[in-house]
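The following paragraphs lead the reader through the structure displayed below. Please keep it in view while reading.

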Amino acid sequence: MALYFLKRLLLSVLVVILVVIALFLLTYAIPGDPARVALGPRANPELIAEFRARMGLDQSLATQLYNFFVSLLQGDLGRDAISGEPVLNTVLSQFPDTLYLVLGSVLVALVPGVILGILSARYRGGIIDRISSVLSVSVMSVPAFVIAIYLLLVFSIQLGWFPAIGAGTGFWDRLHRLVLPSLALGLAWIGYIARILRASILEEMNEGHVRTARAFGLSENRIMYDYVLRIAVLPMITVLGIGIGQMLSSAVFAEVVFGRPGIGKLVYDAIISRNYPIVTGTVLVTTIFFVVVNLGADLLVAWLNPKVRHDLSR
Amino acid sequence: MSEKNALEVRDLNVSYKVPGGKLRALRQIDLIVPRGEIVGLVGESGCGKTTLMQTILGLQSSAAVIESGQIMLGDTDLLTLGPKQMRGVLGDRMSAVFQDPMKSLNPVLTIGRQMTDIQFRSKASQREKRARAVEMLEKVRIPDPESRLDRYPFEFSGGMRQRVAIAMALMAEPDVLVADEPTTALDATLELTTIDLLRELQKEIGCAIIFITHHLGVVAELCQSVNIMYAGEMVESGPTRAVFDAPQHPYTELLFACDPAQIAERTRHLPTIGGELPSLINLPPGCVFEGRCPKAFAPCADIHPRIVTSGGSDMVRCHLRDPEVTK
Amino acid sequence: MTSPADSPTPGAAPKPDPAGDRPAKRRGAFGRLISDPLGMLGVVLIALTVLAALCAGMTSWDPIALNPLARFQPASSEHWLGTDNLGRDLFTRVLYGARIALTVSIGATVIAMVIGVAAGLIAGYGPRWLDNVMLLIFDAMKSIPTVMLALMLVTVTGPSLYAVLLVVVLVNAPAYARMARTQTLAIRRAEFIDAEQALGAGQARIMLRHVLPNIVGPILIVAAMDIPVVVGIEAGLSFLGLGVRPPTPSWGSILFDGFSYIRESAWPVIAGGLPIVITTLGFTFLGEALRDTFDPKLGGGN
């Protein structure tokens with residue numbers, strides 16, 4: 001079982017390395033001379049040559065890739081093309097706002113998703129199950145930015161219940177301004193969570209141990225919440241891991257629509273202003289975060305399985 | 001009569017809703033389980049013994065329709081009980097051991113947790129419940145039971161798990177234990193020790209056991225009486241000795257004949273008899289065994305045989321044994 | 001409890017069904033598809049989108065020409081969905097947007113499908129190391145969050161229709177590749193391939209003949225489910241100004257223009273969002289119904 005952990009870890013590292021190579025090649029493919037972009041159109045040839053030498057741009061592709069990796073390992077993601085600040089600092093400074101947003105979205109997805117999943121498994125084929133299944137499919141298919149704009153239109157512009165712009169100051173204000181963006185990102189995942197939970201509960205309900213529990217007269221509530229859910233939540237954790245990564249990257253829509261700071265807004269502004277180091281840096285940090293969250297979810301699922309725990313403690 | 005019998009099934013009819021209509025899985029089933037006795041229930045796959053077991057335990061599938069009949073546990077007809085009252089019976093007056101010991105325990109809860117959970121009726125403290133669990137594990141000869149309580153099912157072998165399941169089932173000292181092929185998944189030596197254990201505990205607790213199996217050898221060794229099912233009907237019942245010595249129904253006869261070693265040697269598989277089971281959706285008008293019966297004669301194809309007493313058997317459903325027909 | 005107790009069940013061995021009885025089965029299945037209310041609704045919504053695309057150009061307005069005097073008009077008999085910040089008729093722009101949405105989503109899905117299946121065939125039929133490398137690449141592609149991958153690519157290519165196509169292929173192809181690979185590996189192990197190889201049939205022919213019929217069903221279902229995703233990617237990128245270039249009317253850019261002036265008028269936002277909702281719901285409902293009809297084991301139904 002330690003082998004599983006090792007393999008899973010190794011795969012994650014390999015994936016990150018591949019992504020880094022892809023990102024490097026992409027930066028390399030970006031049209032326009034990075035020196036000119038950085039120094040502006042009026043830079044003289046000496047300055048450009050000096051810049052190229054300093055950035056290692058005059059070296060071979062392989063050397064540049066090597067340098068890229070070395071500086072990454074040192075936590076150096078390059079410098080902001082406009083402000084000159086280290087990219088990592090800029091990205092990390094914007095990260096907390098996006099994390100709050102993702103946290104809010106996870107709550108929006110998890111609470112109704114779990115309730116719907118349990119109810120529709122429990123009353124399978126009934127009215128709740130049918131409504132929940134149509135609802136799940138519907139919220140899953142409509143893109144987050146459309147939901148974001150309609151939420152903005154109805155609840156901010158028309159009803160005026162929520163402020164339209166900014167992340168706010170102070171706990172309650174921030175929370176208040178978090179509601180709509182969280183809904184925009186989280187709604188879709190209600191569907192994914194409800195579906196996977198319903199399916200795994202129904203699967204587990206067919207297992208022999210549930211029959212045994214029933215044969216001892218344990219109540220249906222006890223069987224559901226103590227015996228079945230304990231196992232049925234595991235696939236949901238995996239899905240939630242994927243969800244967190246996707247929410248983090250879809251955050252750009254919620255942040256643009258609701259005028260919130262965050263890494264989505266950061267990367268969006270960077271693309272508009274052709275600030276490539278910021279784009280690369282943000283994509284890299286987000287991807288690593290995504291890989292780590294998925295890894296964490298997989299390891300958590302494995303850890304929650306007593307058989308795995310047992311094998312590991314040997 | 002309820003004083004003598006722990007459980008009595010009377011004229012039970014169960015069918016399943018299927019796309020083609022109604023699958024009549026159990027028809028006119030009678031089963032008597034005297035107090036403190038082990039009763040064998042034998043039949044090949046598809047004969048309805050699993051449906052019967054599920055119906056007795058109230059765990060039948062949602063597609064099952066109980067058309068008529070009674071299942072008397074002492075003075076209560078289980079079929080009149082609601083789900084809540086049925087839960088009150090299960091794990092108290094009646095409990096069960098199932099076939100697959102690999103799947104019948106919850107994989108993510110410790111044995112101890114599961115054994116204390118099922119004592120939810122008891123007012124005893126958690127510690128007392130644990131002590132009770134240890135005591136039961138000792139009885140089924142699980143070595144070092146104290147520390148085993150904190151282990152998970154996967155840390156036990158198949159035979160051990162089945163003994164844990166037996167310990168759980170007998171913990172409440174039920175009146176009736178339904179054992180659904182509890183030894184089928186075990187290898188021959190384990191089967192033997194498990195059966196010995198079951199018999200020993202049964203004597204100690206004094207409960208009745210419905211032992212569902214298709215091993216004739218096990219029946220001969222363990223059961224005082226035997227019931228033989230075929231295609232949803234009870235075809236023969238009687239004291240084990242009598243039925244084994246002189247089977248009255250041609251199906252019973254074939255069952256034994258196909259098993260040359262008979263009692264002396266256990267078979268892993270049911271002896272095969274030529275022909276196919278009749279359709280349970282469109283039942284034949286006559287005897288269900290007519291198509292495969294070597295002794296079938298004039299009335300068998302058209303008239304459904306009635307129940308008669310014959311030889312040493314308490315009941316046989318065959319025209320051959322019916323004096324009215326053979327006369 | 002599962003099946004009706006221990007009653008005999010017909011032995012259902014999973015085997016590729018002979019091509020002969022396919023059309024009949026399909027027709028029956030289509031009937032079932034239509035009888036599923038959600039599937040029917042999906043078909044209707046898609047028909048609506050297709051109709052919109054076909055009707056583009058039949059209105060009396062120009063989708064691009066400016067008309068500053070008619071800015072922010074509400075819906076009326078003249079402008080069915082009102083006008084936008086530049087006075088353009090929104091209904092006309094939405095109809096043209098349907099063309100973009102449908103061509104991009106269907107075109108991109110087909111390209112992703114073809115490339116994915118080809119990659120899967122290569123991975124499944126090629127040597128072990130190639131298979132492993134390709135699997136790793138599929139995994140790596142799955143590990144980059146969709147939107148981030150899209151933003152990164154667009155940064156390189158610049159905003160254009162081709163950027164959108166590229167994004168869709170990179171995001172969606174791995175799923176098709178995995179399906180094709182699994183099936184190829186399964187077929188490769190089957191004995192009849194050896195027999196045909198002995199008879200000298202070309203490898204490419206063997207693969208196409210045996211792999212494709214087996215994955216056509218599941219792949220079409222996944223494709224139907226992918227189309228709404230692609231509609232979302234196209235509209236999303238256009239919304240961010242990174243997809244279809246203005247003034248070409250894309251639902252995403254209509255939505256963004258409307259968003260910029262959302263306090264002026266709600267109509268542009270409604271006009272831009274509604275068709276996205278209709279189309280994505282339509283294809284999703286159809287995809288769900290397809291899956292339930294053709295491949296029940298994929299879904300959660302009984």
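In this predicted model, helix 7 (residues 144–158) and helix 10 (residues 220–257) of chain A pack at an angle of about 20°, and their axes lie 9 Å apart. Helix 7 of chain A is therefore roughly parallel to helix 10 of chain A, a term for angles under 35 degrees. Axes are lines fitted to C-alpha atoms, for helices over the stretch in contact, and angles run from 0 to 180 degrees between N-to-C directions. Helices are DSSP runs (H or I, at least four residues), numbered from the N terminus. Residues are numbered from 1 along each chain, as its sequence is written, and chains are lettered from A in the order in which they are written. Local features need pLDDT of at least 70, side-chain atom pairs count only at pLDDT 80 or more, and totals for chains, interfaces and linings use all residues.

Ala144(A), Phe145(A), Ala148(A), Ile149(A) and Leu152(A) of helix 7 meet Ser250(A), Phe253(A), Ala254(A) and Val257(A) of helix 10; contact requires C-beta atoms, placed from the backbone, within 7 Å. These residues comprise eight nonpolar, one polar and no charged.

Chain A also meets chain C, with 45 residues from chain A and 39 residues from chain C. Helix 10 of chain A gives the most to the side of chain A that touches chain C, namely nine residues.

Within chain C, Gly97(C) belongs to helix 3 (residues 90–125). The C-alpha atoms of Gly97(C) and Gly252(C) are separated by 8.7 Å, although the two residues are 155 residues apart along the chain.

Notes: Helix = DSSP H or I, 4+ residues; strand = E, 2+ residues; numbered from the N terminus. Parallel < 35°, antiparallel > 145°, perpendicular 65-115°, else oblique. Contact = placed C-beta atoms within 7 Å. Nonpolar A, V, L, I, M, F, W, Y, C, P; charged D, E, K, R; others polar.
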